[in-house]
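This report describes a protein structure in plain terms, one topic at a time. Keep the sequence and the 3D view open while reading.

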Amino acid sequence: MQIETITFLAAMTGYAGLTANMVLVAVDRHRRKHMVPVALIVFAHVFLVWHYRYDWEIIQATRNGYAGFVIFHAALLGILAAPLAGNPWARRLVAFSFLVAAMGASGAVMRYDEVAVYRLPVFVCGLVGLSAIAYRIFGRSRPRGTPR
């Protein structure tokens, strides 16, 4: 298996795990420990990207613009911080990281041929995660027992 395949499979796996955590947040079942494997997988992905694609050079990391660079690393910081934060903040960090990662992943699969194979899973995860956010915001606003 090529290192590029491992790198992008780690990205998709981390994104799917982040989506699962977003669903857990929406239904009040999230625990900080659920983010630990996601954080480890995403950290491994970012390490591989920096090592094999960017060769540890900031010029390479920003060659396609600063927006992608900021999105990529903002999601990383949120994901790494979520298992360490207190519970209300952990849930907020999961939601923040999901939204940022969804922007980055959606843009990447549309722009880069090497990750185009992940379009369908990225869009499915995006739809599931956004639905979880909508449920958290709108679906829970009714008092319990009220018909929908």
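## The loop between α2 and α3

Asp-55 is found in the loop between α2 and α3. The labels follow DSSP: helices are runs of H or I with at least four residues, strands are runs of E with at least two, and both are numbered from the N terminus. Phi of Asp-55 is near 55°, a positive value in a residue other than glycine. Trp-56 also has its place in the loop between α2 and α3. Although Trp-56 is not a glycine, its phi is positive, at about 60°. Most residues other than glycine have a negative phi.

Trp-56 counts as partly exposed at 47% relative accessibility. On this scale, buried means under 20% relative accessible area, exposed means over 50%, and partly exposed lies in between, with a 1.4 Å probe and protein chains only.

## What kind of model this is

This is a predicted model, in which local features need pLDDT of at least 70 and side-chain atom pairs count only at pLDDT 80 or more, while totals for chains, interfaces and linings use all residues. Residues are numbered from 1 along each chain as its sequence is written, and side-chain values use heavy atoms, with hydrogens and water left out.

## Helix α1 and the residue after it

Helix α1 covers residues 3–26, which makes 24 residues. From its first C-alpha to its last, α1 reaches 35 Å, close to the 34 Å expected at 1.5 Å a residue. The expected span is 1.5 Å times one less than the number of residues in the helix.

Thr-7 lies in helix α1 and is buried, with a relative accessible area of 3%. Between Thr-7 and Met-110 there are 103 residues in sequence and 18 Å in space, C-alpha to C-alpha. Just after α1, Asp-28 takes a positive phi of about 60°.

## Salt bridges

How many salt bridges are there? The count comes to three, where a salt bridge is a side-chain nitrogen of Lys or Arg within 4 Å of a carboxyl oxygen of Asp or Glu. Side chains of opposite charge can pair when their charged atoms come close.

Arg-53 and Glu-4 meet through their side chains in a salt bridge, at 3.2 Å from N to O. Arg-53 lies in helix α2 (residues 35–53) and Glu-4 in helix α1, so this pair ties together parts that are 49 residues apart in sequence. Glu-114 also forms a salt bridge with Arg-53, with the closest N and O atoms 2.7 Å apart. Because Glu-114 lies in the loop between α5 (87–111) and α6 and Arg-53 in helix α2, the pair ties together parts 61 residues apart in sequence.

Asp-28 forms a salt bridge with Arg-136, the closest N and O atoms being 2.6 Å apart. Asp-28 lies in the loop between α1 and α2 and Arg-136 in helix α6, so the pair ties together parts that are 108 residues apart in sequence. Asp-28 is partly exposed at 33%, and Arg-136 is partly exposed at 30%.

Val-23, Val-27, Leu-120, Val-124, Val-128 and Tyr-135 make a nonpolar surface patch of about 470 Å². Patch residues have over 30% relative accessible area and no salt bridge; like charges are joined within 9 Å, and nonpolar side chains (Val, Leu, Ile, Met, Phe, Trp, Tyr) within 5 Å. Accessible areas come from the Shrake-Rupley method with a 1.4 Å probe, and for residues only the protein chains shown count as cover.

Which helix gives the largest share of the nonpolar patch? Helix α6 (residues 119–139) does, with four residues. Val-124 lies in helix α6 and is partly exposed, with a relative accessible area of 43%.

## The largest pocket

The largest pocket holds about 930 Å³ of space. Of the 40 residues that line the largest pocket, the closest to its centre are His-45, Phe-72, Gly-104, Ala-105 and Ala-108. The elements that give two or more residues to this lining are α1, α2, α3 (58–61), α4 (66–81) and α5.

A pocket is defined on a 1 Å grid over the protein atoms alone, as an open set of points with protein on both sides within 12 Å along at least five of seven lines; a cavity is a set where a 1.4 Å probe fits but cannot get out, and lining residues have an atom within 4 Å of a point. Grid points are joined across faces, edges and corners, and a volume is the space filled by probe spheres set on the points.
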